[in-house]
Amino acid sequence: MLRTEICDYFGIEYPIMLAGMGGVSMHRLAAAVSNAGGLGVIGAAGLDPQRLRAEIRATRELTAKPFAVDLLAPLPEMIRPHVPVMIDEGVEIFVAGLAVPKEFIATMHEHGMKVVVMCGKVRHAQKAEAAGADVVVAQGTEAGGHTGEVGALALIPQVRDAVRIPVLAAGGISDGRGVAAALALGACGAVVGTRFIATPEAQAAQGYREALLRAADDSTVRTRCYTGKPARCIRNPYIVEWEQDPSRIKPFPEQLGVSYRNKVLDYDGKHGDIDPLRTFMPAGQGAGLIRQIESAAELFARLVAETEAAIGRLRQIVG
Ligand SMILES: Cc1cc2nc3c(=O)[nH]c(=O)nc-3n(C[C@H](O)[C@H](O)[C@H](O)COP(=O)(O)O)c2cc1C
């Protein structure tokens, strides 16, 4: 049975965690992954505290299993109003994207919360551990959304060697072969994002899902043009135009304001379908492995079976 130390630590059955994809990993998807035996994560970036509370409660109505909340933490003000809500609602696991939430870790620990930090470099992982984080995610450049420059194959073992706390792996993991590779590289679990967008439970515009089904290995690009920080997404003419003169791109979070005004951030489909020529469609390089829309439960079961099969094949090689 596929099981690592992170399963006991988080109270889950399989070492697979849903990525906290802002706007996409909402209560239906988070609960479906938790019910399947993984760690569901609410992608709460962009939610105000009231909506965060509602998402936590909606998730709890759908599952009695553990789940986490992810927020982007590059500026403490971005999560300060949300921390009391998470404490109030008894959130047990917090995932921080884009920065170490240093100022809040002690308070979170006092309330029994475990803190997971997304890291794109060895130095970030060391900083997270020094600040008291409980788990780090070594996120390779292959990942969808905000991502660094180091490839997962190189990053995961280097992060594993640099910290003592548990390491999870993210970036380009779209099937069980990827999960097995992450485990082989020293991670004790895998974080899967993009692949889960192609499920009915994900909150994603139809055009975004279709773009993922069409995507090949080289369909994504890292660009600052949507948020001001490098984010990997499906290449389209809007990006090509900005990248002709990247000096026009403002720093985070000002460029986000530009994108709001240009109405290019609505990939969740809440305001109707997207314009695939302009809209931000965060996606990892593993999008080329997406061939069908399937339920989160089916996808999760397949990930587990494929991981076990891949490990079985490796065992045979050793003989
Ligand atoms: C649509 C989308 C939105 C994302 N939003 C966030 C976010 O709000 N916070 C965060 O920590 N990471 C976010 N990420 C990055 C994921 O947490 C994760 O690192 C990534 O999805 C893993 O790589 P993969 O997409 O190749 O599986 C996002 C990724 C995607 C694809």
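User: In this predicted model, contact means heavy atoms within 4.5 Å. How many residues of domain 2 are in contact with domain 1?

Analyst: The domain assignment gives domain 1 as 5–202 + 288–318 and domain 2 as 206–286. On the domain 1 side, 30 residues are in contact with domain 2. On the domain 2 side, the count is 23 residues.

User: How far apart do the C-alpha centres of domain 1 and domain 2 lie?

Analyst: Domain 1 is assigned in two segments, 5–202 and 288–318. Domain 2 covers 206–286. Their C-alpha centres lie apart by 22 Å.

User: Which strands stand at the edges of the open sheet of eight strands?

Analyst: The strand order is S1-S9-S8-S6-S5-S4-S3-S2, with parallel pairing. Neighbouring strands are turned by 30° against each other on average, direction ignored. An edge strand here pairs on one side only. The two are S1 (16–18) and S2 (40–43).

User: Which residue in S11 stands opposite Thr223?

Analyst: S10 and strand S11 (residues 231–234) run antiparallel. Four bridges join the two. Opposite Thr223 stands Ala231.

User: Are H2 and H3 parallel or oblique to each other?

Analyst: Helix H2 (residues 27–36) and helix H3 (residues 49–62) pack at about 40°, with axes 9 Å apart. Their crossing is right-handed. Angles under 35 degrees count as roughly parallel, and 65 to 115 as roughly perpendicular. H2 and H3 are therefore oblique.

User: How many charged residues has the contact of H2 with H3?

Analyst: H2 brings His27, Arg28, Ala30, Ala31 and Asn35. H3 brings Glu55, Ala58, Thr59 and Leu62. By class, four residues are nonpolar and three polar. The charged residues number two.

User: Is the crossing of H6 and H7 left-handed or right-handed?

Analyst: Helix H6 (residues 122–130) packs on helix H7 (residues 152–162) at an angle of about 35°. Their axes are 9 Å apart. The crossing is right-handed.

User: How many nonpolar residues has the contact of H6 with H7?

Analyst: From H6 come Val122, Ala125, Gln126 and Glu129. From H7 come Leu155, Gln158, Val159 and Ala162. Two of these residues are polar and one is charged. The nonpolar residues number five.

User: How are H8 and H13 placed, perpendicular or oblique to each other?

Analyst: The axes of helix H8 (residues 176–184) and helix H13 (residues 296–318) come within 7 Å. They cross at roughly 55°, and the crossing is right-handed. Roughly perpendicular runs from 65 to 115 degrees. H8 and H13 are therefore oblique.

User: How many polar residues has the contact of H8 with H13?

Analyst: Gly176, Arg177, Val179, Ala180 and Leu183 in H8 meet Leu303, Glu306, Thr307, Ala310, Ile311 and Arg313 in H13. Six residues are nonpolar and three charged. Gly counts as polar. The polar residues number two.

Technical notes
Residues are numbered from 1 along each chain as its sequence is written. This is a predicted model: local features need pLDDT of at least 70, side-chain atom pairs count only at pLDDT 80 or more; totals for chains, interfaces and linings use all residues. Side-chain values use heavy atoms; hydrogens and water are left out. Two strands pair if DSSP finds at least two bridges between them. Axes are lines fitted to C-alpha atoms, for helices over the stretch in contact, and angles run from 0 to 180 degrees between N-to-C directions. Angles under 35 degrees count as roughly parallel, over 145 as roughly antiparallel, 65 to 115 as roughly perpendicular and the rest as oblique. A crossing is left-handed if the near helix is turned anticlockwise from the far one by less than a right angle, and right-handed if clockwise. Domain bounds come from an automatic or database domain assignment.
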